[in-house]
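My notebook is open and I have a structure to look up.

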Amino acid sequence: MLLRNVFLLLLCLVAVSPSRADDGYRLWLKYDRIADAAERQQYARVAQFVASPGTTPVLRAASAELQRGLGGLLGQPVPVVASAGSRTGGIVLRVEAPARAAGQPLKAEGYRIFSEKNNLVITGPTDRAVLYGAFALLRQVQTRQPLAGLSLSSSPRIEYRMLNHWDNPNGTVERGYAGSSIWKWYELPERLDPRYTDYARANASVGINGVVINNVNASARYLSAEYIGKVAALAGVLRPYGQRVYLSVFWAAPKVLGGLSTADPLDPAVKQWWAAKSDELYQAIPDFGGFLVKANSEGEPGPQDYGRNHADGANMLAQALGRHDGVVMWRAFVYKAGSADRFKQAYEEFQPLDGKFDPKVLVQVKNGPIDFMAREPFHPLFGAMPQTPLVLEVQLTQEYLGFATHLVYLGPLIKEVLESDTYAKGPGSTVAKVVDGTVDHHALSAIAGVANIGSDRNWTGHPVGQANWYAFGRLAWDHELSSAAIAREWTKMTLTTEPAAVRTLTDMLGQSRNIYVRYTMPLGLHHIMGESIHYGPQPWLAKSGRPDWTAVYYHKADSIGLGFDRTATGSNALALYKPAVQQEWGNAQTCPLNYLLWFHHVPWTQRLSTGRTLWNELATRYYTGADSVIWLQKQWATARPALDPALYADVAARLQTQHKEALWWRDACVLYFQTFARQPIPAPFTPPTRSLADIKQLVQLYQLK
Ligand code: BDP
């Protein structure tokens, strides 16, 4: 009886829910059936089969993905055959030597799609190229572009397109807001969670080809024989999807694991230990990618502990990799306590080492000089180390961007950095061109995104966080793509293809980052967030473990004005940039308002280019920024009919939290800065109803253990 009731209940549930709720697991690879039958037919005519030699695991992954994707989109099975023979109307996969690929020369991972004898051919010099071509073809269908007569060709502009996981061996994720780590170390190597494969598919679909699986604050554990076996098992899952595995290394590993008394990079026993470790790694993982290193930074050990410099450390590791095909990515995120301006630290330590690094070393630089703020000027090291390939590191996990409750699409942030002109070799020497190697003719080029991925069913906590993973990969492949075009693609593949909703949502994504900046750190304010957890506002923070962990160190509010003078009258950090940049940013009258308080201490009463005084402009931005979250809510509501109900509700709820917290930011910041400016909140805005003491008490709750 009970069973029968359960059965009936299930039947009812199935009957009332025509499609299953979208839990976000499938990311942008949904492959739901195209609703319009005529449209489906059009695609079906040119995708009747997939012909693949299937000679490698990568080619098999490519054909399996096409079969799965087209099968879903067309609502009918698509067979995979070994060869097209005389059949037409299908998709043919073919690996060809570069010389035979017509048109633009293709790089090893570049693909070409073209029509031949009524078939669509996906080709490239390697099987990985064909895999990327397969995903490109699927994207065409997912975004409802025509397939017939298709002619596409694309090569990645950057060679190493990396995700950096800040995942710890105990399953936690540093600055992770989407559950715990997706890597299940205690189950590996015997059990391979099917999720690893879906992760690899998602990465491949946007061209990510390298994965640093562990936190830069690294545990030595990963270099033990036990863990190398586990890492090898993961590498085996990622390999058919064109991804190599890399490890973050703990500098003192030779001591912790090897029993040596030192980790001095010039010590012969240390060198030997790393060389043997590299051999062991390549024995287990023949395509191991190499090492990522955070050394002498935030308490991590490093070569400076032995009186050596970063180049000594990096070069020793590069030599340890020896004949193996791996690289060392050495991070430049360093800042010693007691410095008058943290902005200058990395430059001062690294720039003099230009030309001293082994050819296998790349130096990994965060996009801005401080630390992943919502808006930073580009890092002055870009354009200042011509002899060293530099990796651009951006953060996808929203450490400083409202965790997983604030909707912030990062396409515009990443593009802003990429398009910044360093003037290193004259105008047009953008960060993108420094990083892709064209400015200084480097053979190696790399970009890294700190992953926002976790064990949450939808991978990224905030459903729109997926767009940041997606946008990073797409820009890593081709930094010339526009952030709006990427947002459109992601929206169509993930949320809806209904044209009006696509427009509404793309607009919403496009504005979201500026909105976040306005209600948190407008006009170039930075580092005024909650201590250590980095959540919510704490502009009053004046005491911390170090002065450069406080907020007052950065905003320098006083009775005269606000902002950090980094011109010649102040720290002169501006002098680290090329003269053309100095000229633009060095004068408070001409400095773009977005960077104003990064470089100038501006009087409260000074009139800005908007016609408002600094105080009035600041208050206006906080108020209009917070109000814009209501606009985001309205946009989301407008698109509702086109959205999956569960997904709609999820984001709508998060937007409510976002609005509440935007008001925290607004109230905390205007009330606090008002104590210096001593001016009223300008009309038409109404002063906060709570007091500074109230808001302090509320946001400081989040600091309690
Ligand atoms: C900071 C994070 C810290 C990271 C560090 C890094 O707060 O958790 O370890 O960056 O990048 O933003 O090394």
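Predicted model: local features only at pLDDT ≥ 70, side-chain atom pairs only at ≥ 80, totals over all residues.

**Entry 1: a charged pair**

I started with Glu 298, which is partly exposed at a relative accessible area of 37%. My cut-offs: buried is under 20% relative accessible area, exposed is over 50%, and partly exposed is in between, with a 1.4 Å probe and protein chains only. The side chain of Glu 298 meets that of Lys 294 in a salt bridge, 2.8 Å from N to O. By salt bridge I mean a side-chain nitrogen of Lys or Arg within 4 Å of a carboxyl oxygen of Asp or Glu. Lys 294 counts as buried, with 4% relative accessibility.

Residues are numbered from 1 along each chain as its sequence is written, and side-chain values use heavy atoms, with hydrogens and water left out.

How many salt bridges does a search of the whole structure find? I got 36. Side chains of opposite charge can pair when their charged atoms come close.

I looked up Glu 617 next, which forms a salt bridge with Arg 621, the closest N and O atoms being 2.7 Å apart. Are these two buried or exposed? Glu 617 is buried at 1% relative accessibility, and Arg 621 is buried at 10%. Why are they about one helical turn apart? Because they sit four residues apart in helix α19, residues 614-638. My helices (H or I, at least four residues) and strands (E, at least two) are DSSP runs, numbered from the N terminus. An α-helix has 3.6 residues a turn, so residues three or four places apart point the same way.

I also found a network: Lys 184, Glu 187, Arg 191 and Asp 193 are joined by salt bridges that share partners. Within this group I checked Arg 191 and Asp 193, whose closest N and O atoms are 3.8 Å apart in their salt bridge. Arg 191 is partly exposed at 38% relative accessible area, whereas Asp 193 is buried at 9%.

**Entry 2: the whole protein**

I stepped back and counted 21 helices and 16 strands in the protein. Its radius of gyration is 26 Å, close to the 27 Å that the globule rule gives for 705 residues, so the protein is as compact as a globular protein of that length. (The radius is taken over C-alpha atoms, and the rule is 2.2 Å times the number of residues to the power 0.38.) The C-alpha atoms fill a box of roughly 80 × 65 × 60 Å along the principal axes. Buried residues make up 61% of the 705.

I looked at contacts too, meaning heavy atoms within 4.5 Å. Among contacts between residues at least 6 apart in sequence, 73% join residues at least 24 apart.

**Entry 3: the barrel**

Which strands close into a barrel? I traced eight, in the order β7-β8-β9-β10-β11-β12-β13-β14, with parallel pairing. The twist averages 25° from one strand to the next. For pairing, I need DSSP to find at least two bridges between two strands.

I picked out two pairs. Strand β7 (residues 160-164) and strand β8 (residues 210-212) pair in the parallel sense over three bridges, and Leu 163 has Val 211 in β8 as its bridge partner. Strand β10 (residues 290-293) pairs with β11 in the parallel sense over four bridges, with Gly 290 opposite Val 327.

I then zoomed in on β11, residues 327-331, and found five of its five residues buried. Val 327, Met 329 and Arg 331 point one way, while Val 328 and Trp 330 point the other way. In a regular strand the side chains alternate between the two faces of the sheet.

**Entry 4: a helix and a loop**

Helix α4 (residues 127-142) has 16 residues and reaches 23 Å from its first C-alpha to its last. Of its 16 residues, 15 are buried. After α4 comes Arg 144, with a positive phi near 65°.

My last stop was Pro 680, in the loop between α20 (645-677) and α21 (692-700). Pro 680 is exposed at 62% relative accessible area. Not counting residues up to four places away in sequence, Pro 680 touches Trp 615 and Gln 674.

Methods:
Expected span 1.5 Å × (residues − 1). Axes fitted to C-alpha atoms, helices over the stretch in contact; angles between N-to-C directions.
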